Amino acid sequence: MSVLPLVFTSGWASGINAYAVVLLLGVFGATGVSDDVPETLQRPEVLAVAGALFLCEAVADKIPYVDSAWDSVHTVVRPVAGAWVGALLAGHSGSLSDVAAGLIGGSTALASHTVKAGTRMAVNTSPEPFSNVIVSMAEDLGVGGIVTFAMFHPLPAAIIAGALLLAGLVAVFLLVSRIRRFLRRRAQRREERRLAAHPGRPPD
């Protein structure tokens, strides 16, 4: 079977938590669970870096407003990671060109990252912090479950990932008003910090 379903699923998962994807795939390959994982992802230094960054994301992702700042930084990182993993998977299997796999993995990661970032903005309009923890844990469990499932059943996993991506895009569209509220609050906070740093400076 073509590696395309696994590339799509790993791209979707990378848009949510790229470090978890690299870590899981690397562990599956290093432990012999799957022969479909490229050796690059199994290297000890890759696993060590992915593990450390996964722990950082696990903490940052559960703190209101910090999670959105983290998402902003990873607007480039996650799509690039999705493209990189996709190209590696394609090169390892030889059933899909590296360029095509990179484009699929990167674009899917960008789409799912957009869903995650938009959802977090909407969640951050809530006054309590527990929703961030719940959403973050659901994302982590979802990524782990889908990537694990994809190693043994790539096509059904890709179908599930596609359905989740579509549902997420619809949810973000419905949450536009809350996302705009978050952006207004963030702009107001930046203005307040700017005025506090320059108390004698007149507002723009």
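Reader: Which residues touch the most other members of the largest nonpolar core?
Author: Those are Trp12, Leu25, Val143 and Val147, in a core of 34 residues. A nonpolar core here is a set of buried Ala, Val, Leu, Ile, Met, Phe, Trp, Tyr and Cys residues joined through side-chain atoms within 4.5 Å. Buried means under 20% relative accessible area, exposed over 50%, and partly exposed in between (1.4 Å probe, protein chains only). Keep in mind that this is a predicted model: local features need pLDDT of at least 70, side-chain atom pairs count only at pLDDT 80 or more, and totals for chains, interfaces and linings use all residues. Residues are numbered from 1 along each chain as its sequence is written, and side-chain values use heavy atoms, with hydrogens and water left out.

Reader: Which helix gives the largest share of this core?
Author: Helix 1, with 10 residues. Helices are DSSP runs of H or I, at least four residues, and strands are runs of E, at least two, numbered from the N terminus.

Reader: And what is Trp12 in contact with, leaving aside its neighbours within four places in sequence?
Author: Thr108, Ala109, Ser112, Gly142, Ile146, Ala161, Leu164 and Leu165. Contact means heavy atoms within 4.5 Å.

Reader: OK, zooming out. How many helices and strands in the chain?
Author: Eight helices and zero strands. The radius of gyration is 19 Å, close to the 17 Å that the globule rule gives for 204 residues, so the chain is as compact as a globular protein of that length. That radius is taken over C-alpha atoms, and the rule is 2.2 Å times the number of residues to the power 0.38.

Reader: What does the C-alpha trace span along its principal axes?
Author: About 65 × 35 × 30 Å. Buried residues make up 41% of the 204.

Reader: New topic: I'm curious about Cys56. Where is it?
Author: In helix 3, residues 44-60. Cys56 counts as partly exposed because its relative accessibility is 40%. Its C-alpha atom is 13 Å from that of Leu23, 33 residues away along the chain.

Reader: Which residues make the nonpolar surface patch?
Author: Leu166, Val170, Phe173 and Leu174, about 460 Å². Patch residues have over 30% relative accessible area and no salt bridge, with nonpolar side chains (Val, Leu, Ile, Met, Phe, Trp, Tyr) joined within 5 Å and like charges within 9 Å. A salt bridge is a side-chain nitrogen of Lys or Arg within 4 Å of a carboxyl oxygen of Asp or Glu. Areas come from the Shrake-Rupley method with a 1.4 Å probe.

Reader: Is Leu174 buried or exposed?
Author: Exposed, because its relative accessible area is 62%. Leu174 sits in helix 7, residues 154-174.
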